[in-house]
Each structure stands twice: as structure tokens, then as C-alpha cells.
Amino acid sequence: MATAGSASSIIWLARSGYAARGVVYLIVGWLAVLAALGGGGRTTDSEGALITILQQPFGEIMLALVALGLIGYALWRLVQGLMDTDHHGTDAKGLAIRGGLLVSAVTHVLLAFFALSLIFGWGSGGGSGDGATRDWTAWLLQQPFGRWLVALVGAAVIGAGLAHMIKGYRAKFERYLEMDADLLDKASPVCRFGLIARGVVFLIIGGFLLVAAWRFSSGEVVGLQGALQTLQQQPYGWILLAIVALGLFAFGVYSLIEARYRRIDAPV
């Protein structure tokens with residue numbers, strides 16, 4: 001049983017976590033927009049966004065706040081997955097969603113650790129970006145049934161991408177936002193655009209993982225940065241990149257909206 005104080009703490013952790021995630025995606029999206037338009041930006045990923053924060057005035061303080069927010073987000077995802085605060089249930093679909101929440105908890109703990117490693121100089125922070133994605137894919141391929149494990153991960157990432165796109169298309173997120181109808185009507189298109197764009201990125205990443213499993217090679221596996229570069233390298237790639245980059249920026253806005261307006265059902 002959670003006390004009122006612990007419930008309030010969970011709510012605070014969740015809201016700070018959504019805000020931290022929002023800041024990261026605002027930076028990733030904006031830098032990619034500038035890269036697409038030739039404005040001096042670059043395609044980067046979540047780790048690159050954290051490095052960008054560190055390079056600003058008072059960067060260590062800002063990065064520390066983001067790291068704390070990411071830890072809060074990871075804890076909230078853990079509570080969501082284990083306690084089923086959003087009532088997904090225990091059928092196959094519900095367990096898959098809750099499993100995804102637990103995976104999200106792990107990835108955001110690792111991202112928070114990377115941020116702290118930048119502040120305190122803890123080596124490389126365990127690797128980052130596309131290189132780290134290739135490293136763990138190569139390791140997984142060497143395990144028993146490694147090809148099938150990588151294919152399973154790729155399928156799961158594609159599934160997450162499709163889920164994001166469906167969530168955006170059907171506006172399923174609206175049920176969790178506590179705001180008046182007029183404000184929701186204005187915010188919803190931005191949130192939908194952001195979710196669909198993030199889904200597109202997941203589809204690209206998952207597709208490369210399936211290729212890695214098929215070829216038994218981790219060389220072409222990409223993360224967020226590589227997915228954006230893949231778009232940029234296509235015919236009319238700057239247009240594709242600009243659209244998805246604006247979508248990732250919109251996803252950052254959506255995260256900030258969640259930080260303020262999402263219903264947080266802390267377990268009691």
C-alpha cells in the first residue's frame with residue numbers, strides 16, 4: 001500500500017520524467033530540422049542531445065536535472081509495467097504493452113547513466129549511438145539462437161513502431177490527458193504527428209535489425225541517428241528528414257504536454 005506521500009513522489013517522478021524525455025526529443029528534432037534545411041544542424045540521437053545540453057552554459061547543472069528526470073521516468077515506467085497503473089490487463093496484448101514499459105525503464109536508466117557519465121567522467125558511459133547498437137547486436141548474434149533473438153528484437157521494435165503509429169492515428173493518448181476540450185483539440189494534432197513520426201523511426205530501426213538477423217551481420221544496424229541519416233540519403237531525403245525531424249520535435253512537445261496534463265494513477 002502506498003501512502004499519500006509516496007503517491008505524490010511517484011507523480012512528481014513521472015512528470016519530471018516526461019519533461020526530461022521532452023527536452024531530449026526537442027533537441028534531437030530541432031538539430032535534425034536544421035540539418036535537413038542546411039542550417040548547420042546535424043542528425044543525432046538521445047545521447048547526442050545530452051552532449052549538446054552539456055555544451056551549453058551551466059550545462060552540467062542542466063544535464064544533471066535531465067538525468068534526474070530520466071531516472072524518474074524509468075521508475076515511473078517500472079511502476080506502470082509492474083503495477084499496471086493504466087489497466088492494460090494480463091491478456092497477451094496487455095502483457096506485451098507492459099513488457100514494453102519495462103524495456104523503456106531499462107533504456108532510460110541507461111540513458112540517465114550516460115548523462116551522469118558525461119558529468120562525472122565515468123569513461124565512455126558504456127558506449128552510445130549506432131556503435132553501441134551494433135555492439136550489442138553483434139554480441140547477441142554470437143549467443144545460442146542469436147539470429148532468432150535479433151530477429152525477435154527487430155520484430156518487437158517494428159511492433160512498437162506500429163503501436164506508436166496506431167496510437168497517433170487513433171489518438172488513444174487523449175484518454176490520459178486531463179485538459180479542457182478546446183485545448184485538447186489544439187494539442188492533439190501535434191501529439192498525433194509526434195507519435196507517428198517516432199513510429200516511423202522505430203520501423204526503420206527494426207527493419208535494419210531484421211536485415212542483420214537475415215545476413216548474420218551487425219554491420220548495418222542503426223539506432224536513432226542512423227535512422228535519420230537513412231532518410232536523409234533517400235531521393236528527396238532532405239524533405240523526408242525535415243518531416244520526420246519536425247515529427248520528433250512534435251513528440252518532444254507531446255512529452256511536455258504529458259508532463260503537465262497526463263493523468264498519473266499512482267498505486268495506492
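**Exercise 1.** Determine in which helix Ser-104 lies, whether Ser-104 is buried or exposed, and which residues are in contact with Ser-104.

*Solution.* Step 1: Ser-104 belongs to helix 4 (residues 92-120); helices are DSSP runs of H or I with at least four residues, numbered from the N terminus. Step 2: the relative accessibility of Ser-104 is 13%, and therefore Ser-104 counts as buried (under 20% relative accessible area; exposed is over 50%, partly exposed in between, with a 1.4 Å probe and protein chains only). Step 3: apart from neighbours within four places in sequence, Ser-104 is in contact with Tyr-73 and Arg-77, where contact means heavy atoms within 4.5 Å.

Two remarks on the source apply throughout. This is a predicted model, in which local features need pLDDT of at least 70 and side-chain atom pairs count only at pLDDT 80 or more, while totals for chains, interfaces and linings use all residues. Residues are numbered from 1 along each chain as its sequence is written, and side-chain values use heavy atoms, leaving out hydrogens and water.

**Exercise 2.** Describe the surroundings of Gly-17.

*Solution.* Step 1: Gly-17 is placed in helix 1 (residues 4-36). Step 2: Gly-17 counts as buried because its relative accessibility is 0%. Step 3: not counting residues up to four places away in sequence, Gly-17 touches Gly-69 and Tyr-73. Step 4: Ala-74 is 57 residues from Gly-17 along the chain, yet their C-alpha atoms are separated by 7.5 Å.

**Exercise 3.** Why does the length of helix 6 agree with expectation, and which of its residues are buried?

*Solution.* Step 1: the expected span is 1.5 Å times one less than the number of residues. Step 2: helix 6 (residues 146-170) has 25 residues and should therefore span 36 Å; its end C-alpha atoms are 36 Å apart, which agrees. Step 3: the buried residues of helix 6 are Gly-146, Val-150, Ala-151, Gly-154, Gly-161, His-164 and Gly-168. Step 4: just after helix 6, Ala-171 has a positive phi of about 55°.

**Exercise 4.** Which residues touch the most other members of the largest nonpolar core?

*Solution.* Step 1: a nonpolar core is a set of buried Ala, Val, Leu, Ile, Met, Phe, Trp, Tyr and Cys residues joined through side-chain atoms within 4.5 Å. Step 2: the largest such core has 53 residues, and Leu-50, Leu-228 and Leu-248 touch the most other members. Step 3: a second, separate core of 10 residues includes Ile-10, Ala-14, Tyr-18 and Ala-259.

How values were computed. Helix = DSSP H or I, 4+ residues; strand = E, 2+ residues; numbered from the N terminus.
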